[in-house]
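Subject: Structure for your review

Dear colleague,

Please find below the structure that I am handing over to you. My notes on what was found in it follow directly after.

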Amino acid sequence: MLRKYSNSRSLSDNIKLGSLSAFAAGMVNIGSLLLFFSFSSNVTGHYAILAAELVKGNLYQIAVVFSWIFLFFLGSFVSNLFVIHINAKNSYIAHSIPLFLEIICLVTVAVYGEYYYRETLAETEILLALMLFAMGLQNGLTASISNFAVKTTHLTGTTTDLGVLFSMFTKKEFRTNETLKGRAKLLVCITLSYLSGAVTAGFTYTHLNFKMFYMVSLVLVIIIIYDLSKLKLKLYWHHRKLIRLRIEDVILIEESKEKSVAS
């Protein structure tokens, strides 16, 4: 899911990454709505709030909402920064670092919310800021490594693209286009996964409360270790192949020696 970059990624790579990360984003967004009465996986609504606060002239709220938008932007910026500067050296590490940072943010929110949160306005604003930064990291990473094919923290563009694709499928020439069919499959998987994550957060909210962010972090850990396990498995089989080839070489050498002695 994380090792490949841009056009070298397969549809399967994008579906697995998109589905798991969209599930996590759905949980985070509904979690923040239930806990803080505000969305955290997109900034469209925050731009509207910013405009309203600018009209009212409420400087404090302007600063808060602008900082939320900026932190989402900063998360995307940081993700792509790691990708473009480290990708050539080690693509897996470059693509894993943003997820590690996201996990740190979500675990911080979970721990603080569970043990220290007093439901003050300042605490709520800071925790939301952390979550927006985390979602910026995730969206920036998935978009960057998939050549903008995968965006998982909100569904506005996804729903628009699905509407366009489904209208195209009313013509036979587009229904037989494998690229378009693959794109539609990816977007449907992302949409259903996001919805599944949101529903899961809604049902588990009363039992887990802030602990739900541990569950989200676990999903992100699965994304990270999936490729790590594949890398280790690949190295294991490569090592076995080298040993087998060396054994075969030794056998051939011994056989050639025996033949030379016999002759």
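Does Glu 173 count as buried or exposed, and at what relative accessibility? The coordinates come from a predicted model, and in that model the relative accessibility of Glu 173 is 51%. The cut-off for exposed is over 50%, so Glu 173 counts as exposed. Its salt-bridge partner is Lys 171, with 3.3 Å between the closest N and O atoms. Lys 171 has a relative accessible area of 43% and is therefore partly exposed.

Salt bridges

In total, four salt bridges are present in the structure. Besides the pair already described, two others may be of interest to you.

One of them joins Lys 211 to Glu 114, whose closest N and O atoms lie 3.0 Å apart. This pair connects distant parts of the chain, 97 residues apart: Lys 211 sits in the loop between helix 8 and helix 9 (212-262), while Glu 114 belongs to helix 4 (residues 91-115). With a relative accessibility of 37%, Lys 211 is classed as partly exposed. Glu 114 is likewise partly exposed, its relative accessible area being 29%.

Another is formed by Arg 183 and Asp 161, where the closest N and O atoms are separated by 3.2 Å. Here too the partners come from distant parts of the chain, with Arg 183 in helix 8 and Asp 161 in helix 6 (residues 156-168), 22 residues apart. Arg 183 has a relative accessible area of 24%, which means that this residue is partly exposed. For Asp 161 the relative accessible area is 29%, and this residue is also partly exposed.

Helix packing

Two packed helices are described by the angle between their axes and the distance between the axes. For helix 1 (residues 11-36) and helix 8 (residues 178-208), the axes come within 7 Å and cross at roughly 30°. Angles under 35 degrees count as roughly parallel, so helix 1 runs roughly parallel to helix 8. The crossing of helix 1 past helix 8 is right-handed. Sorted by class, the residues in this contact comprise 16 nonpolar, 13 polar and one charged.

With kind regards

Terms used: Residues numbered from 1 in each chain as written. Predicted model: local features only at pLDDT ≥ 70, side-chain atom pairs only at ≥ 80, totals over all residues. Heavy atoms only, no water. Axes fitted to C-alpha atoms, helices over the stretch in contact; angles between N-to-C directions. Helix = DSSP H or I, 4+ residues; strand = E, 2+ residues; numbered from the N terminus. Parallel < 35°, antiparallel > 145°, perpendicular 65-115°, else oblique. Left-handed = near helix turned anticlockwise from the far one by under 90°. Nonpolar A, V, L, I, M, F, W, Y, C, P; charged D, E, K, R; others polar. Salt bridge = Lys/Arg side-chain N within 4 Å of Asp/Glu carboxyl O. Buried < 20%, exposed > 50% of the residue type's maximum accessible area, 1.4 Å probe, protein only.
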